[in-house]
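Dear colleague,

My findings come after it.

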Amino acid sequence: MPAFDAVLGASSIAAPPRPWPRRSVDRAQWNAAAVELAAGRWTLVALWGEPDMVHMTVLDHATGKLAILSLACPDGQFPSVGRVHPPAIRLERAIADLVGLLAKGSPDTRPWLDHGRWSERHPLAAKPAAPQKGSPYAFLPVEGADLHQIPVGPVHAGIIEPGHFRFTASGETVVRLEERLGYVHRGVERLMAGSEIEAAARLAGRVSGDSTVAYALAFVCAVEAATSVTVPPRAVALRAVMAELERIANHLGDIGAICNDAAFALMLAHLAVLRERVLRAAMTAFGHRLMMDAIVPGGVARDLSREGAKEILAVLGLIEAGAPRLLELYDNTTSLQDRTATTGILSNPLAVQFGAGGFVGRASGRDFDCRRHPGYPPYGELAFDVPVRKDGDVNARLWIRVLEVEQSMRLIRQLLEALPEGPIDLSATSAITIGPQEGAALVEGFRGDIFVWVRLDGGTVARCHLRDPSWFQWPLLEAVIESNIVADFPLCNKSFNCSYAGHDL
C-alpha cells in the first residue's frame, strides 16, 4: 500500500507539520489521491474550500499517517473526488455553495446547504453562486409500479432540529430515502473569520450543543498545534474528564431514546434520571451542565475541587449500580429485541468506505477511535478498550454505546486517581507570531471524530473549518433504511443520532 510520498511525489510542504503537513499538490496528484480513496487505501477525513483553493485531509491506512492536501483553483474549479469516491459528493456540493468552487466531473451538482434563500453572493464566495431562487429542489427520480412517496419534515413533532426526509415506499417497505439538510446553516465559518481566538473558541463550542466539549477541545487543540503551545498536564487531564462525562451523558440519553422509539418508555425514564445526575455532577464540577466554555485555548477555565471530584465518582457509582438491572431488562424484553435486532443493518464495506466514525462505524466492524490513533494527550497514558461489533444493526449501535459508557467510566477513574497538581491555564496567544500560522486536530466526540483546521493571523482567526462526524453518517442512514419498513425509521435514525447543526454549520 503506497505511502503519501509514493503517491504524491515531490509535492511541496505549504505549511509545517502541526501536527500533520499540508502539501501543495497539482491536479494529477489530486486525482491520484482520489484513486487511493476509491481503492480503499486511504480514508477521506475532510474536504473543504477557500475562494481560490480546495483542501482535503486523508488518512493513509498503510502508515496510519494523516496529511492535508491543498490544490490551487485559479479557474474556480477542481477535479471532483466524488466522481470516484461517493463520500466526497456532499462535501463538494457544500464547497460550491459556500465558496463558489465547482467540482468538475461530479455526478451531483445540486446545491446542498443553499436552499435558494441566501443573498446573491455568499460572504465566503469569490463569485456569485448560480441563481436558484424560485427553483424547487430536484429530488432524485424513482420509477416503479405501486410506489408512493412520504415526505417527512423539515418541521418535526417535538423539539428536534429540522431536516427533510423523502421516503419512496412499496407498501410499508422503504425503497429509497433521500435527505434534504441545511435548514440550520448559520454561517459558522464566516463568523469564525476575523474573530479573536477566545471568541472563536466559544463559537466552536456552540456548533453542536450536545458536543460542546468535543468541539471546543478540537478547536483549541488546532490552535495550540498552530502556536506550538504545551498545555499544563492538569488541564489536559481535566479536559479528558469533561470529554468522557459528555460521552456518558449523551450515550445514556441515546440508549433510552432508542428504546422509547420502540415504545419501551420505561428504559427512557430510568436512563433519563441517570443522565440528569451526570449533568448535575458536571455542573458541580465545572460550573455548567454541558460544560460549555470550560475548555479554553491553553487550558481550562475552571479547576476541579475535591467536592467536584467526589460528585463525579458518586454518579459513576450510581450508573454502575443501576446499569446491570436495566441491561437485563433490555435483553429480556422480547418485543424490544424484535425491533432492534436485524433492523437497519450497515455493512462493513459501506462503513469503511465512508470512514464512519463513532458507534456507527464501530458497530459495523470499523475499528477506529482517534483517541487511540492518531491519538492525543492524555489517552496514550491511559488503559482503555475500543468496543467493536460486526452486526451493524440498531442493537449493535446500542450495545457499542453501553460498552463505551463502561470504558468512559474506567477512563475517568484513572484520570481522577492520577490527577496532576499544577496550573490549569497557559495563554495560547503567547506563542503567536506575525504572519499566518496553521494547525489541525482530530478529537473523538461521542458521535465520532471531529476535525478542525485553523489558520491564524496574529491574534485572530483568518479561516477555520470544522467537520462533524455526521457528514459521513447521514448518507449511510439513507442506505440502512432501505428494505426496512417505514415504522422502523425512527429507530434507525435515533441509533445514528446524526447532528443537524454540526452538519449544516
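Predicted model: local features only at pLDDT ≥ 70, side-chain atom pairs only at ≥ 80, totals over all residues.

Residues are numbered from 1 along each chain as its sequence is written, and side-chain values use heavy atoms, with hydrogens and water left out.

Helices and strands are DSSP runs (H or I of at least four residues for helices, E of at least two for strands), numbered from the N terminus. A residue is called buried under 20% relative accessible area, exposed over 50% and partly exposed in between, with a 1.4 Å probe and protein chains only.

Helix α14 covers residues 394-417. Its 24 residues should span 34 Å at 1.5 Å a residue, and the 35 Å between its end C-alpha atoms agrees with this; the expected span is 1.5 Å times one less than the number of residues. Of the 24 residues of α14, 18 are buried, so the helix is largely enclosed by the rest of the structure.

The 29 residues of α7 should span 42 Å at 1.5 Å a residue, and its end C-alpha atoms are 42 Å apart, in agreement. Helix α7 is mostly covered, with 25 of its 29 residues buried. A263, which follows α7, has a positive phi near 65°.

Helix packing

Axes are lines fitted to C-alpha atoms, for helices over the stretch in contact, and angles run from 0 to 180 degrees between N-to-C directions. Angles under 35 degrees count as roughly parallel, over 145 as roughly antiparallel, 65 to 115 as roughly perpendicular and the rest as oblique. Contact means heavy atoms within 4.5 Å. For residue classes, Ala, Val, Leu, Ile, Met, Phe, Trp, Tyr, Cys and Pro count as nonpolar, Asp, Glu, Lys and Arg as charged, and the others, Gly among them, as polar. A crossing is left-handed if the near helix is turned anticlockwise from the far one by less than a right angle, and right-handed if clockwise.

Helix α9 (residues 306-331) packs on α14 at an angle of about 155°, with the axes 11 Å apart. The two are therefore roughly antiparallel to each other, and α9 passes α14 in a left-handed crossing. Residues of α9 in this contact include I312, L316, E320 and Y330, and those of α14 include W399, V402, M409 and R413. By class, the contact comprises 14 nonpolar, two polar and three charged residues.

The axes of helix α5 (residues 197-204) and helix α6 (residues 212-227) come within 8 Å and cross at roughly 150°. That makes α5 roughly antiparallel to α6. I197, A200, A201 and A204 of α5 make the contact with Y215, F219, V220 and V223 of α6. This contact has eight nonpolar, no polar and no charged residues.

For helix α15 (residues 474-481) and helix α16 (residues 489-496), the axes come within 10 Å and cross at roughly 150°. These helices are therefore roughly antiparallel to each other, and α15 passes α16 in a right-handed crossing. W474, L476, L477, V480 and I481 of α15 meet F489, C492, N493 and F496 of α16. The contact divides into eight nonpolar, one polar and no charged residues.

Backbone geometry

Most residues other than glycine have a negative phi, and most peptide bonds are trans. The bond from G153 to P154 is cis, with omega near 15°, and P154 sits in the loop between β8 (148-152) and β9 (164-170). The bond from H373 to P374 is also cis, with omega near 5°; P374 lies in helix α13 (residues 371-375).

S228, not a glycine, has a positive phi of about 55° and is placed in the loop between α6 and α7 (233-261). M291, likewise not a glycine, has a positive phi of about 60°. M291 lies in the loop between α8 (265-286) and β11 (295-296) and, at 4% relative accessibility, counts as buried.

Two individual residues

L91 is found in helix α3 (residues 89-99) and counts as buried at 3% relative accessibility. Beyond its neighbours within four places in sequence, L91 is in contact with L44, L47, W471 and F472.

V388, in the loop between α13 and α14, counts as partly exposed at 35% relative accessibility. Leaving aside neighbours within four places in sequence, V388 is in contact with R362, G365, D367 and I400.

With kind regards
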